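Please read them alongside the coordinates.

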Amino acid sequence: MNRYDLLLRGGTLVVPDGLSVADLAVAGGRIVAIGPDLEGTAAESIDATGLHVFPGIIDAHVHFNEPGRAEWEGFATGSRALATGGGTLFFDMPLNAHPPTVTAEAFDQKHAAAEASSIVDFALWGGLVPGNLADLEPLAERGVIGFKAFMSNSGIDDFAAVDDDTLFQGMRIAARLGRIVAVHAENDAITAGLARRAMVEGRVGARDYLASRPVIAELEAINRAIILAAEAGCALHIVHVSSGRGVELVAEAHARGVDVSCETCPHYLVLTEDDVERLGAVAKCAPPLRPQMEIEALWEHLRTGALPMVASDHSPAPASMKTSDDFFRVWGGISGCQHLLALLLAEGNDRRGIDPSTLSRRASGFAAERFGLAPNRGTLAVGASADLALVDLAATFTVTAGDLRYRHPHSPYVGREVRGRVVRTVVRGITVQRDGVCIDGAVGRLVTPGSCRE
Ligand SMILES: [Zn+2]
């Protein structure tokens, strides 16, 4: 007689080629059986009839700001927000923590902080900044998921933008180490010049900020990063692409054999320039939100797969940093990791008819493959890590500030109707969130590239 830890009965499994109603059994933190009417007993059985079982969301782009700036968010609240929205694994960015993750010592500090309070699994990005080329190998040995560089001002003094020389040399080293380089791609000369002239002339409103970061700044930097990466033989990932043309540059390079991928974020898929004016600083980000036509272009690319991945770029800050008459000076960054899946389901599935399986691939499957975590993360398959989000797709709800699990409960999605309530989140077989209540304690563990292959 089979004895399982957890047995889901009759759920609708979201698998790569569609939907499949079946039982799913978990033992030792892994999915050990999938099929109709599985025989056996379990420590816990769940009637999942009517629920969709997604692979847990893998959010490859968050800023939880710990150690050093935990008052902005921190792993305890950040991971609980993620778990509430079906997230089971996040990749934390190297900046906004202090010290930034640009040395092995800083990696160790962040690893310890995350292990002490995260309720979901985590991977850590290392930073590529001027002066730390010699630190890349020790960071890779620690297990960074990749290296992140800024091609424009990061907004954080101790995380400098890369010059082209540093970026190219860093890419050559990353290629040798077998790690991806991810870039924030905006041309710094263009954006800084436009911003400087606007501020000198006292044009410091939301529209002035938007005008200072035009799409061409993104396109030029994407193009330059692609050329450098191709020459260096380095795998490249463009974070938070905000425009259809940006995705097209990446897809064209990929088609001619360059090892390049990209992501967008929920805010570029659902919010426009007009929302920045309407909502104010809570909707400020860089690159900025765009006109409606870009939203439609991004959705079309997401549908076809030219845009393979969505990550939240959850970038929180205390509300006090979001209030200023000068839009250039307020903190840029959107709080949104809790509703990544619910936004994709509302806007992608409901409004645009994109099937749940495709959305799941964009929100977990692709990231697992791209960052060396497949086949054991990001998919529902026997042998894979039991990372699950049980979702009531029939539930639509309006986001309220009271629902938000962030340390600072503000988000541009407050007041928006979304779809899909995550009734349970499971990390390696452990239930970490149920009916909106998260567990106490910390079960999150470090995930490193290749660590899930065995
Ligand atoms: Zn970011």
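1. This is a predicted model. Ala235 itself belongs to the loop between helix 7 and strand 12. Its relative accessible area is 13%, under the 20% limit, so Ala235 counts as buried.

2. Strand 11 and strand 12 run parallel and are joined by three bridges.

3. These strands are part of an open sheet of five, in the order 9-10-11-12-13, with parallel pairing. Strand 9 (126–127) and strand 13 (260–262) are at the edges with a single partner strand each, so one side of each has no neighbour in the sheet. Helix 8 (residues 244–255) packs on the sheet, where it touches strand 12 and strand 13. The direction of helix 8 makes about 155 degrees with that of strand 13.

4. Helix 4 (residues 164–177) passes a simple length check: at 1.5 Å a residue its 14 residues should span 20 Å, and its end C-alpha atoms are 20 Å apart. At the start of helix 4, a side-chain oxygen of Asp163 comes to within 3.0 Å of the backbone nitrogen of Asp165. Just after the helix, Gly178 has a positive phi of about 70 degrees.

5. Which residues of helix 4 are buried? They are Thr166, Leu167, Gly170, Met171, Ile173, Ala174 and Leu177. The spacing can be read against helix geometry: an α-helix has 3.6 residues a turn, so residues three or four places apart point the same way. The buried residues of helix 4 pack against helix 3 (136–142), strand 10 (146–150), strand 11 (180–184), helix 7 (215–232) and strand 12 (236–238).

6. His61 (NE2), His63 (NE2) and Asp313 (OD) coordinate the zinc ion at 2.1 Å, and the donors follow the spacing H-x1-H-x249-D along the chain. His61 lies in strand 6 (residues 57–62) and Asp313 in the loop between helix 11 (292–304) and helix 12 (340–350), so this pair ties together parts that are 252 residues apart in sequence.

Note on methods: Residues numbered from 1 in each chain as written. Predicted model: local features only at pLDDT ≥ 70, side-chain atom pairs only at ≥ 80, totals over all residues. Heavy atoms only, no water. Donors = N, O, S within 2.8 Å, 3.2 Å for Na, K, Ca; no water. Helix = DSSP H or I, 4+ residues; strand = E, 2+ residues; numbered from the N terminus. Expected span 1.5 Å × (residues − 1). Buried < 20%, exposed > 50% of the residue type's maximum accessible area, 1.4 Å probe, protein only. Contact = heavy atoms within 4.5 Å. Polar contact = N/O pair within 3.5 Å; in protein donor to acceptor, adjacent residues only side chain to side chain. Pairing = 2+ DSSP bridges. Axes fitted to C-alpha atoms, helices over the stretch in contact; angles between N-to-C directions.
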